[in-house]
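Dear colleague,

I am passing on the structure we spoke about, with the sequence alongside it. Please have a look at it first; my notes on what was found follow below.

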Amino acid sequence: IFYFSGTGNSYYAARELSKRTREEIVDIADAIENKEFEYFFRPGEKAGFVFPVYFYGIPTIVAEFIDEISLKLNDHTYLYAVMTCGGSISGADQLFRKRLQKNGYSMSACFELPMVDNYMLMYELSSPSDQKIKLEKADQKLLEIANKIESEDKAGYTSSVLGKITTQVIYPFYE
């Protein structure tokens, strides 16, 4: 499970998924710093990416990592993404899918994991009681996602037309 986390939400999700799926976690920032880009997958292993959405898109560090990695996958390796967000990932799934395809990889499924919104510059933070409720819901959703990953379920999140448009309008501000 390759992960990037700015505030800890995605690290938490990757760590919990690792416990449930027994897959190793790799910090994308460390991999880039150490120039570790080649990964081999044994039969039955899954390839996962866990990261937050930024402006309804993918963080630069994740995009750069995808452009550099060499995944030695099996013909049927289940490749998935779990994107953490404060509300919605909108069209970030399509951006990630296209970047993977550009580099010769195909995503089996994408999952949206709403957590506590922590972008303080644009939003007021939730109250502690609301945060607790959101995190409890995130834990329930994370368990559902882990079960889908273990069964290699291909029915995940697919952005709507409105989600794609939202990403097309908002994400350029991040870029």
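In helix α3, which runs over residues 60-68 of this predicted model, the residues V62, A63, F65 and I66 are buried. Seen down the axis of α3, these buried residues fall within an arc of 160°, so they line one face of the helix. The elements that cover them include β1 (2-3), α2 (28-33), β3 (38-40), β4 (47-52) and α4 (92-102).

Leaving aside residues up to four places away in sequence, M115 touches N9, Y12, T84, C85, G86, K134, L135 and A138. The C-alpha atoms of M115 and K132, which are 17 residues apart along the chain, are separated by 10.0 Å.

As for the protein chain as a whole, it contains 6 helices and 7 strands, and along the sequence these follow the pattern β-α-β-α-β-β-α-β-β-α-β-α-α. Its radius of gyration is 15 Å, close to the 16 Å that the globule rule gives for 175 residues, so the chain is as compact as a globular protein of that length. Buried residues make up 43% of the 175 residues, and of the contacts with a separation of 6 or more, 81% are between residues 24 or more positions apart. The chain exposes about 9600 Å², of which carbon and sulfur atoms supply 51%.

Terms used: Residues are numbered from 1 along each chain as its sequence is written. This is a predicted model: local features need pLDDT of at least 70, side-chain atom pairs count only at pLDDT 80 or more; totals for chains, interfaces and linings use all residues. Side-chain values use heavy atoms; hydrogens and water are left out. Buried means under 20% relative accessible area, exposed over 50%, partly exposed in between (1.4 Å probe, protein chains only). Helices (H or I, at least four residues) and strands (E, at least two) are DSSP runs, numbered from the N terminus. The arc is that of the directions from the helix axis to the C-beta atoms. Contact means heavy atoms within 4.5 Å. The radius of gyration is taken over C-alpha atoms; the globule rule is 2.2 Å times the number of residues to the power 0.38. Accessible areas come from the Shrake-Rupley method with a 1.4 Å probe; for residues, only the protein chains shown count as cover.
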